[in-house]
Number of protein chains: 2
Amino acid sequence: MVDKDNIKQIVKEKFTEYLTEKGLRKTQERFAILDYIYSSEGHFDMEMLYESMSRQHFRVSRATIYNTIELLLDCHLVLKHQFGKNTSYYEKNYNSDNHYHSICTECGMVQEIKDTGIREIIQSEKMKKFRMTHYCLYMYGICTNCENAKKSKNNNNV
Amino acid sequence: MVDKDNIKQIVKEKFTEYLTEKGLRKTQERFAILDYIYSSEGHFDMEMLYESMSRQHFRVSRATIYNTIELLLDCHLVLKHQFGKNTSYYEKNYNSDNHYHSICTECGMVQEIKDTGIREIIQSEKMKKFRMTHYCLYMYGICTNCENAKKSKNNNNV
DNA sequence: ATGTATGCAAACCATTTGCAATGAC
DNA sequence: GTCATTGCAAATGGTTTGCATACAT
């Protein structure tokens, strides 16, 4: 996939730029983590990242993963999400579609919702004393599965 | 404040209704927690709630507070927020203005942003296989304080 | 050579859990 | 009287921290 490789190259350059600007070191670990994140799809948590990397190319300590994610968040190459549980989830954030998340409050299932125009409205919002860099929209509710499960449970009770 | 007392009465009734419907018990602790939440303003975390209640009317164990908050979330009398740190914050959710949150990624400061019409657009969003009950919009960026602090730091370096 | 970044293990701390005692029904 | 709920204290688990070692500069 040429496109994906292109993106990997671009984000690597962006990260390099960021590290240089901040006077931070360009370590193998940092680039390996970035590369791994941009090789995967969807959301991941720290344990998933740690396990997957251990299984494959590169073993990196948890401490380093946490440290590096902090940098990637700072330069906006990664987004952090907290969907209501204690574990944080992350996703790559370059050249990806604008999307929101719907979260089922019963089973915790998270789905992506494509943007259909809300973005422009939110970004045109004027805020005093605040310069917005990005935003997250979380929609909570009940997914069809859980809705149906509830219904049949209620029917049994009656 | 008559208005506040009214609201307290209404949410108490709503909670009672919810407990009855679910076949759960109407304990003093549960109503004390609800009352305390609706007596306070703004966001709070579990420790704040626990401490404040201990200092005032009613001492309730942490376990019970966690348990009760779960119920209040379920019947939408309380909202839960995770602003990026490990601690969860909560706020009452009845008859309150529609608002979003702006979060400074430098200092963590959270401010409320009044809704100016985004709500209707979001609520008109059609979602397959999902019935939305509520949503949260978080805007991340830099507050003026931190922006200025950064600038003067950069100037010193140059 | 210098000092930042890593890896490890221990510490931290919000949240969850198990269980005996309490109290709503 | 029964069993859900409470309070307590211990356990859990994601995240953070301290420190010796490694390595980017």
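Sugar or phosphate contributes 75% of the atoms of DNA strand D within 4 Å of the protein, and bases contribute the rest. The model is a prediction in which local features need pLDDT of at least 70 and side-chain atom pairs count only at pLDDT 80 or more, while totals for chains, interfaces and linings use all residues. Residues are numbered from 1 along each chain as its sequence is written, chains are lettered from A and ligands numbered from 1 in the order in which they are written, and side-chain values use heavy atoms, with hydrogens and water left out.

Polar contacts are pairs of N or O atoms within 3.5 Å; within protein, one must be able to donate a hydrogen and the other to accept it, and residues adjacent in sequence count only if both atoms are side-chain atoms. On DNA strand D, a phosphate oxygen is 2.9 Å from a side-chain N or O atom of Thr27(B). For Thr64(B), the corresponding side-chain distance to a phosphate oxygen of DNA strand D is 2.8 Å, and for a polar side-chain atom of Asn67(B) the distance is 2.7 Å. H4 of chain A, together with helix H2 (28-39) and H4 of chain B, are the elements that give two or more residues to this surface; helices (H or I, at least four residues) and strands (E, at least two) are DSSP runs, numbered from the N terminus. The most, three residues, comes from H4(B).

Around DNA strand C there are also 21 residues, of which Arg25(A), Arg59(A), Asn67(A), Arg25(B) and Tyr66(B) come nearest. Of the atoms of DNA strand C within 4 Å of the protein, 72% are accounted for by sugar and phosphate. A base is reached by Arg25(A), whose side chain has an N or O atom 2.4 Å from a base nitrogen of DNA strand C. Phosphate oxygens of DNA strand C lie 3.1 Å from a backbone N or O atom of Lys26(B) and 2.6 Å from a side-chain N or O atom of Tyr66(B). The largest share of the surface near DNA strand C is the three residues from H4(A).

H4(B) has 13 residues and spans 19 Å from first to last C-alpha, close to the expected 18 Å; the expected span is 1.5 Å times one less than the number of residues. Its buried residues are Ile65(B), Thr68(B), Ile69(B), Leu71(B), Leu72(B) and Leu73(B), where buried means under 20% relative accessible area, exposed over 50% and partly exposed in between (1.4 Å probe, protein chains only). Just after H4(B), His76(B) has a positive phi of about 60°.

Chain A superposes on chain B by a rotation of 180° with 0.0 Å of shift along the axis (RMSD 0.0 Å), the relation of a two-fold axis. The C-alpha of Leu137(A) is the nearest to the axis in chain A, at 2.2 Å. The superposition is by least squares on the C-alpha atoms of residues with pLDDT of at least 70 in both copies.

Ser102(B) is placed in strand E3 (residues 99-104) of chain B and is buried, with a relative accessible area of 1%. Beyond neighbours within four places in sequence, the contacts of Ser102(B) include Phe130(A) and Met139(B), contact meaning heavy atoms within 4.5 Å.

Technical notes. Near = heavy atom within 4 Å.
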